[in-house]
Amino acid sequence: MNDPTILPQPAALTKALIAAESVTPARGAVFDVLEAMLVPLGFTIDRFVSGGAPDGPVENMLAVRGTGGPHFAFAGHVDVVPAGTGWTAGPFDPVVRGDMLYGRGAVDMKGAIGAFVAAAATIQPRGTLSLVITGDEEGPAIHGTRALIERMAARDLKPDLCLVGEPTSVNRLGDMIKIGRRGSVNIWIDVAGRQGHVAYPHLADNPIPRLIAALSEIGGVVLDDGTDWFQPSNIEVTDLHVGNGATNIIPAMASARLSIRFNDRHRGADLGERIAAIVHRHAPEATVRPVVSGEAFLTEPGPFSSMIGDAIEAATGLRPELSTSGGTSDARFLSRLCPVVEFGLLNATMHKGDEAVAIADLVALAEIYRDIIRRALA
């Protein structure tokens, strides 16, 4: 870029969104900026706040243009992770250096939102076009997209297709799209004992051996060998805690936490019950508390993924890989409504210091999104 003060529309929109600081949960200013972009394009805006402490309040936005079918939705989030360290300039003071735009959210995922708004500004197809935007994707995700889904149901709005603008590209824009994600369940295990002096073990009850025995059996569990589209499910011990500061005391409690990432051969609740059964064989009085943050989903390869692939190939000459890799996203909720595919920018710098996006990629992404809207609402 010869003059960093004159930016293509997708980059200028992205820059404005970055400048509106919105560490999760996002509220207020960033939604004001987005609303100001969308209203002149003919979108009606529905902003609402959901939830309260400790997970909120969270602001969400449903922007809709047009009526009737078909209905194509773009979903995303304006909240970002905390800035952290490693910044050359202020994380919320977006700056252009060379051909790159720097700032927290440039990749994840204000850049995709800016590109989609730029795409929507240049096309007026038939049917309904909507943006489903939350301020709570990087946080607990309790009062965000799930609340938006309830809001859409109350308004009798149901998309036929949904594109989530998460950063899915790896080495080059358009080299990968996500057609599914593994599910996630975290499980807290507490094994109670009876505290006592180590010299008198018959007067105490040590919970640690029972917890270790349960974890040993869990460690031998093979959930599956993967599927055509998913890697094998895995169970990981993510925390062990006793908190015993004394060398001569048998502790009264031993705790552990597990994280299971699972494919579409499983359901989170079933996995929680399976783990509980193992724990209770070794420690019948233990408490086991599973929390499912999302179920696995798969949008089978077909017309929707092919349509996105065609638009990417037309703009870049690249045919994207179909993948289910990576962590969770709000697509896990939206998949209940309609077929969902994720496609967005390069993910190399997301959540890092000096998060940055190539301006050329923002322009190309807007072109691809424009083509996808045209194809979806033809």
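**Burial and overall layout**

I started with burial: of the 378 residues in the chain, 52% are buried. I kept in mind that this is a predicted model. Next I looked up the secondary structure and found 9 helices and 19 strands. I then checked the extent of the C-alpha trace, which spans about 80 × 45 × 40 Å along its principal axes. For contacts, I took the ones between residues at least 6 apart in sequence, and 80% of these join residues at least 24 apart.

**Cores**

Which residues touch the most other members of the largest nonpolar core? I got Leu-34, Phe-72, Phe-343 and Tyr-369, out of 61 residues in that core. Helix H9, residues 359-376, gives the largest share of this core, with 10 residues.

Leaving aside residues up to four places away in sequence, I listed its contacts as Phe-74, Ala-112, Ala-115, Phe-116, Ala-119, Leu-163, Gly-165, Phe-343 and Gly-344.

**Helix H7**

I moved on to H7, which runs over residues 303-316 and has 14 residues. From first C-alpha to last I read 20 Å, close to the 20 Å expected at 1.5 Å a residue.

Which residues of H7 are buried? My list reads Phe-304, Ser-305, Met-307, Ile-308, Gly-309, Ala-311 and Ile-312. I then asked what covers them, and the cover includes strands E3 (71-77), E7 (161-164), E8 (176-178), E17 (321-323) and E18 (340-342). Just after H7, I spotted Gly-317 with a positive phi of about 75°.

**Largest pocket**

I looked up the largest pocket and noted a volume of about 270 Å³. Its lining has 18 residues, and the closest to the centre are Glu-137, Glu-166, Gly-327, Thr-328 and Ser-329. I sorted the lining by type and got 4 nonpolar, 7 polar and 7 charged.

**Thr-145**

My last stop was Thr-145, which I found in helix H4, residues 145-154. Is Thr-145 buried or exposed? I put it down as buried, because its relative accessibility is 4% and the cut-off for buried is under 20%. Setting aside residues up to four places away in sequence, I wrote down Thr-134, Asp-330, Phe-333 and Leu-334 as the residues that Thr-145 touches.

Terms used. Residues numbered from 1 in each chain as written. Predicted model: local features only at pLDDT ≥ 70, side-chain atom pairs only at ≥ 80, totals over all residues. Heavy atoms only, no water. Core = buried A, V, L, I, M, F, W, Y, C linked by side-chain atoms within 4.5 Å. Buried < 20%, exposed > 50% of the residue type's maximum accessible area, 1.4 Å probe, protein only. Helix = DSSP H or I, 4+ residues; strand = E, 2+ residues; numbered from the N terminus. Contact = heavy atoms within 4.5 Å. Expected span 1.5 Å × (residues − 1). 1 Å grid on protein atoms, 1.4 Å probe; cavity = no way out; pocket = protein on both sides within 12 Å on 5 of 7 lines; lining within 4 Å. Points joined across faces, edges and corners; volume = space filled by probe spheres on them. Nonpolar A, V, L, I, M, F, W, Y, C, P; charged D, E, K, R; others polar.
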